[in-house]
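Biologist: Could you put the model up so that we can go through the ligand site together?
Modeller: Here it comes.
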Amino acid sequence: MCFQSYFSSVIMFQYLFIIISLSGAYSWTDNKQRRFKDDFLFGTASAAYQVEGGWDADGKSESIWDRYVHSRPEITPDGDMACDSYQHISRDVQMLRELGVDFYRFSIAWTRVLPTGFSNKINKKGLQYYNDLIDELIKYNIMPMVTLYHFDLPQSLQDLGGWANPLSINWFEDYARIIYDNFANKVPYFITINQPNSVCIDGYSGSFAPGINSKGIGDYLCVKNVMLAHARAYRLYQNEYKVKYQGSVGIAISVNWVEPINNQTENVKAAEIARDFTIGLYVSPIWSKDGDFPPSVKEAVASRSKEQGFHRSRLPSLTPEEKTLLKGSADFLGMNHYTTVQAQPSVKKYPSPSLEDDMLVDFAQSANWTQGASPWLKSAPFGLYKACVYLNLNYDYPPIIITEHGWSTGLGLRDGSRVENLRGYMTALLFALEDGTNVRGYTAWSLMDNVEWGAGVSERFGLYEVDFDSPKRKRSPRVSAHVYRRIIEQRIIEDTWLPSSLKMDVSMRRMGKDKSEL
Ligand code: PNW
């Protein structure tokens, strides 16, 4: 009897031990304190059109966004003055100092520096603005991270065909040379192009500048040329500047996560093809072994094109020389991550031709995820974890900098939903780091409220609120600015509180261990 009860308590103890250790290994809510390492970089970001204003000041010429907004009476031209950052360098840098960031990611307006679009005429005043901004950052030990192209092509080049013209590759290389010549001595990080998918897929759908509707044709021409323009700007730096200045050059790609709506095979397949169309199309040419677009995308567009009577695929192919140029053409993958979508095979009818019609996937977002102020934005922190693991497994652990992540709200300084979103995604990032993702830095979008493209100033992404009615565009810190400052300082997410969307089933963390589960 005595022996028996001893025996059963041993078994019970062992059983309990197994339960505790299993939940400890796989739970998202264990009490382990995870830390960002000391060399992990924190920053915040903006883009020229969205903050600068001064759209025609001091010799700046018209960009495709100036033209797009000015020719559509339904859009308020908020970008004409925006946050007036063109006049407020010291206030902008003061906010960065308050936050305690390591770097500031901003973009250069091509039209401010080269008003003709070409390198024949350099606008000294335009260069001076960026030079002053860079010097002010360096004065306070903040590293400049410069995006060469964030959606604002010179209208003069658009008139010559823009990114659909293969000569745009040369134009961009010439522009990149001017920027490197002037700033490579002070700038350790360059990003060539921001979000080729927005530039091309949105830009050629009519809903984004240049507002051309050439779905399924112009967009794919643009993708090829933009990727090659990136690669040429990368090689230019490698060949002529790298030895002297030792900087890094990358590209910022939109890597939202695509989850199957449930685990049925057809939905898993739909998610896979959707990832190839939305992520792989831009990541594969640089990080896959063959330097090419994903095979699934090439095949889908080729066969659909044939059905439609085209004599060649609407997705132009890459020559062996172009693949060599592209393969390995980045020091880091800039990852812009905002949200997650759920995929299933399409039942909707899409315009034909179009990428949507080639891909044949419909997207939803769970009703359980918190909605941001932008219609497409829902909070699902686990998606960042999954996206990181996906890049590791498919592209062999590329060095990553999260070049954008953020949340939109309405007006007001008490932005609890942004704080929750930030903490949730930061926690997911700590899990991804623990599981081997090579993420070197994180960038909060955005330093301050700004012009959200066609949506104007109605969607607020700022850690700082901007009063667009005040002549000086007054900036005030939101609660999230204080929380971000504290995260940077402490390098932890304080307390064990987690948003409900992170209390996921335990399978999440195991996912990274076995590729077949993705
Ligand atoms: C990015 N989505 O665009 C841009 O790089 C920024 O200029 C912009 O202000 C910011 O994100 C917020 O929108 C995105 O649909 C646009 O998932 C759309 C999506 C993601 C990013």
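Biologist: How far is the polar side-chain atom of Trp 445 from an oxygen atom of the ligand?
Modeller: A polar side-chain atom of Trp 445 lies 3.2 Å from an oxygen atom of the ligand, which I call a polar contact, that is, a pair of N or O atoms within 3.5 Å. This is a predicted model, in which local features need pLDDT of at least 70 and side-chain atom pairs count only at pLDDT 80 or more, while totals for chains, interfaces and linings use all residues. Residues are numbered from 1 along each chain as its sequence is written, and side-chain values use heavy atoms, with hydrogens and water left out.
Biologist: And what about His 150 and Glu 452?
Modeller: For His 150, a polar side-chain atom lies 2.9 Å from an oxygen atom of the ligand, and for Glu 452, an N or O atom in the side chain is 2.5 Å from a ligand oxygen. Taken alone the ligand exposes 450 Å², of which the protein buries 86%, with areas from the Shrake-Rupley method and a 1.4 Å probe.
Biologist: Which residues surround the ligand?
Modeller: Among them are Gln 50, Asn 194, Asn 256, Tyr 338, Trp 376 and Phe 461, where a residue counts if one of its heavy atoms lies within 4 Å of the ligand.
Biologist: Which pocket does the ligand sit in?
Modeller: The ligand sits in the largest pocket, meaning that more than half of its atoms lie within 2 Å of the pocket's grid points. A pocket here is an open set of points on a 1 Å grid over the protein atoms alone, where a 1.4 Å probe fits, with protein on both sides within 12 Å along at least five of seven lines, and lining residues have an atom within 4 Å of a point.
Biologist: How much space lies in there, and which residues are closest to the centre?
Modeller: About 1300 Å³ lies in the largest pocket, taken as the space filled by probe spheres set on the points. Of its 43 lining residues, Asn 197, Ser 198, Asp 202, Asn 256 and Trp 376 are the closest to the centre.
Biologist: Changing topic, which peptide bond at Trp 445 is cis?
Modeller: The bond from Trp 445 to Ser 446 is cis, with omega near 10 degrees, and the bond from Ser 352 to Pro 353 is also cis, with omega near 0 degrees. Most peptide bonds are trans.

How values were computed. Polar contact = N/O pair within 3.5 Å; in protein donor to acceptor, adjacent residues only side chain to side chain.
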